[in-house]
Amino acid sequence: MTRDLPRNHSSSQSKPLLELKDLAFWYGKNSQKSVLFHHVNLSLNQGELVTIRGLSGSGKSTLLHLIYGFLKPKQGKILVNGRSLAWLPDIWLSRLRARSFGYVFQDFRLIPHYTVYENLALPLYFSGQLRPGSKKQIQRIADELGIADKLSHYPITLSGGEKQRAAIARAIVHQPRLLVADEPTGNLDKVNSRIIRDLMRKLQKTFNLGIIIVTHDPVLARLGRQNYEIRDQELKQI
C-alpha cells in the first residue's frame, strides 16, 4: 500500500515508529495551571506493544489524544518515523491519521444506523482506499476478529464483546502502522476482556502493528514489551 506522507525514505526504516521526547501538557496558565504530566519520553518500534496505566485523571487519554494529533503538546516533541507532528500542515496531519493510525475507543463509537460492514468501510473511504476489491479486505479482517457473521448486523444487535471487536476491526481495516487503544477492556466482562487481550497480541504479530494501550486492567497492563504508569505527573516504567 502506497504511503504518500512526507518523509525521508532513506532513513525512516531505521527510526522508531513513534517517539515522545520530553513531552508536557497542562491546562490553564500561571497560578491556574494544572499540570497533567511533564518530561514524558517513550519510543515504539514497528511491531511492538506498549501499555500505559494510571489513575483516572492522570492524563492517559490526553496522552493518546496528543499522539493522535487531536491535541498539541505544551512542550516537547512527538515524532512519527523521525518527523515531528508539529511541523506537519493540517492537511498532512489529517492524512497521517487517516492512513497510518487506528484508534480504538472505550465506548466503541460505532455508527448506530450503519451496519457493521458499513462501519468497517468508513476508514477505507476516508483514507482513499475504498475500491471494488475492498469487500474481500473487510471480510478478511472480520474473519480475523471473529465477526464475519455480523457484517450485515447493526451495532444495537451486538454484544459488548462483539462491539469491541467490530471497533478494533474498523481501526485496523485500512492497514495502519500504529494502533492506539483507550481502555479497550474497560466496558467488558472478564471473559470478553480476556478475548480482547489475546486479540491484541494476535494483531501485533499478524499485522506487525505498533500498539499503544492505556488501561486500568492489571493483566492487560503487563502485556507489552514496555509497560508504563503515569504517576506523580511522570511516565514511569513498571
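Some ground rules before we look. Residues are numbered from 1 along each chain as its sequence is written. In this predicted model, local features need pLDDT of at least 70, side-chain atom pairs count only at pLDDT 80 or more, totals for chains, interfaces and linings use all residues, and side-chain values use heavy atoms, with hydrogens and water left out.

Let's start with confidence. Residues 1-12 have a pLDDT below 50, with 25 contacts in the model beyond near neighbours in sequence; contact means heavy atoms within 4.5 Å. Where pLDDT is low, the predicted coordinates should not be read in detail.

Now for the rings. How many aromatic pairs does a search of the whole structure find? The search finds seven, where rings of Phe, Tyr and Trp (its six-membered ring) pair if their centres lie within 6.5 Å, with planes under 30 degrees apart counted as stacked, over 60 as edge-to-face and the rest as tilted. Take Tyr-68 and Phe-101: their ring centres are 5.5 Å apart and their planes are at 45°, so this pair is tilted. The pair links distant parts of the chain, 33 residues apart, with Tyr-68 in helix α1 (residues 60-68) and Phe-101 in strand β6 (residues 101-104). Helices (H or I, at least four residues) and strands (E, at least two) are DSSP runs, numbered from the N terminus. Both Tyr-68 and Phe-101 are buried; buried means under 20% relative accessible area, exposed over 50%, and partly exposed in between (1.4 Å probe, protein chains only). Ring pairs also join Tyr-68, Phe-70, Phe-101, Tyr-103 and Phe-105 into a cluster.

Next, helix α6 (residues 190-207), where we find Gln-204. Is Gln-204 buried or exposed? Gln-204 has a relative accessible area of 14%, so it counts as buried. Leaving aside residues up to four places away in sequence, Gln-204 touches Gly-47, Glu-48, Leu-49, Leu-209 and Ile-211.

Asp-22, in strand β1 (residues 18-27), has a positive phi near 50° without being a glycine, and is partly exposed at 43% relative accessible area. Gln-233, also not a glycine, has a positive phi of about 65°. Gln-233 sits in the loop between β9 (226-231) and β10 (234-237) and is partly exposed at 34%.

Key: pLDDT is the predictor's confidence in each residue, from 0 to 100.
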